[in-house]
Amino acid sequence: MKTARKFILLFLIPALLLTAVEAARGEIISPRLRVLLYHSRQPIEINTYRGAILVMGPDRFQKAPLGTNKTFSISRDEQWIVMREGRNEIARLTGDHVYIYPSQPGGLLRFRGRLYRGGMEVKLFNKELLLINHIELENYLKGVLPMELGRVHPEALKAQAVSARTYALGHRK
């Protein structure tokens, strides 16, 4: 019993107070998810739609603008990640992954004709390229709920949101 009280006093109450303060300020940050979109040995094409930034390097401090509505092909060449715009090679990157983020908050990236919120990570893994969407939970729900349910009663949408949120948080790695 004493252990439970200690836990409540030391952890639970401060966490609830911190959450209340963040909510009052409008600063609650949605948990981030990583969603595997695609894996292949073939090149991956990403369109920058309304502008994007390439982020690279082990510390993610190297950044380069990619422009607006440009399509880039990302492939692997031995231990390199190669980026092309059309037939022109624009970068040969060391390391096993690069990130592409929309240049503006709330921006979108296009992959295979669909728009995605959040950033994309292209990662080399077992001779394949993985495309991973880095997205905040609430933005993930904005995209997945209409795809799963279509037009339904708002209460059904709320119930599905609870279910999808619980599933996503329970399966984070």
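This report walks through the sheet, the cores and a few side chains of a predicted model.

## Ground rules

Since this is a predicted model, local features need pLDDT of at least 70 and side-chain atom pairs count only at pLDDT 80 or more, while totals for chains, interfaces and linings use all residues. Numbering starts from 1 along each chain as its sequence is written, and side-chain values use heavy atoms, with hydrogens and water left out.

## The sheet

Let's start with the strands (DSSP runs of E, at least two residues, numbered from the N terminus). Six of them form an open sheet in the order 1-12-11-8-3-4, with antiparallel pairing. Strand 1 (32–40) and strand 4 (62–67) sit at the edges with a single partner strand each, so one side of each has no neighbour in the sheet. From one strand to the next, the twist averages 25 degrees; angles here run from 0 to 180 degrees between N-to-C directions, with axes as lines fitted to C-alpha atoms, for helices over the stretch in contact.

Two strands count as paired if DSSP finds at least two bridges between them. Strand 3 (residues 52–56) and strand 8 (residues 97–102) pair in the antiparallel sense over four bridges, and Ala52 stands opposite Pro102 in strand 8.

Helix 2 (residues 137–149) lies across strand 1 and strand 12 (128–136), at about 105 degrees to strand 12. Helices are DSSP runs of H or I, at least four residues.

## Two cores

A nonpolar core is a set of buried Ala, Val, Leu, Ile, Met, Phe, Trp, Tyr and Cys residues joined through side-chain atoms within 4.5 Å. Buried means under 20% relative accessible area, exposed over 50%, and partly exposed in between (1.4 Å probe, protein chains only). The largest core has 23 residues, and Leu131 is one of those with the most contacts inside it. A second, separate core of nine residues includes Leu33, Leu137, Val144 and Ala168.

Contact means heavy atoms within 4.5 Å. Beyond its neighbours within four places in sequence, Leu131 touches residues including Val35, Leu37, Ile46, Phe111 and Met120.

## His134 and the tyrosines

His134 lies in strand 12 and counts as buried, at 9% relative accessibility. Its side chain makes a polar contact with the side chain of Glu121 (2.8 Å). That term covers N or O atoms within 3.5 Å; within protein, one must be able to donate a hydrogen and the other to accept it, and residues adjacent in sequence count only if both atoms are side-chain atoms.

Tyr99 is among the residues in contact with His134. Tyr99 is buried, at 4% relative accessible area, whereas Tyr101 is partly exposed, at 23%. Tyr99 and Tyr101 form a stacked aromatic pair, 6.0 Å centre to centre with 10 degrees between the planes. Rings of Phe, Tyr and Trp (its six-membered ring) pair if their centres lie within 6.5 Å; planes under 30 degrees apart are stacked, over 60 edge-to-face and the rest tilted.
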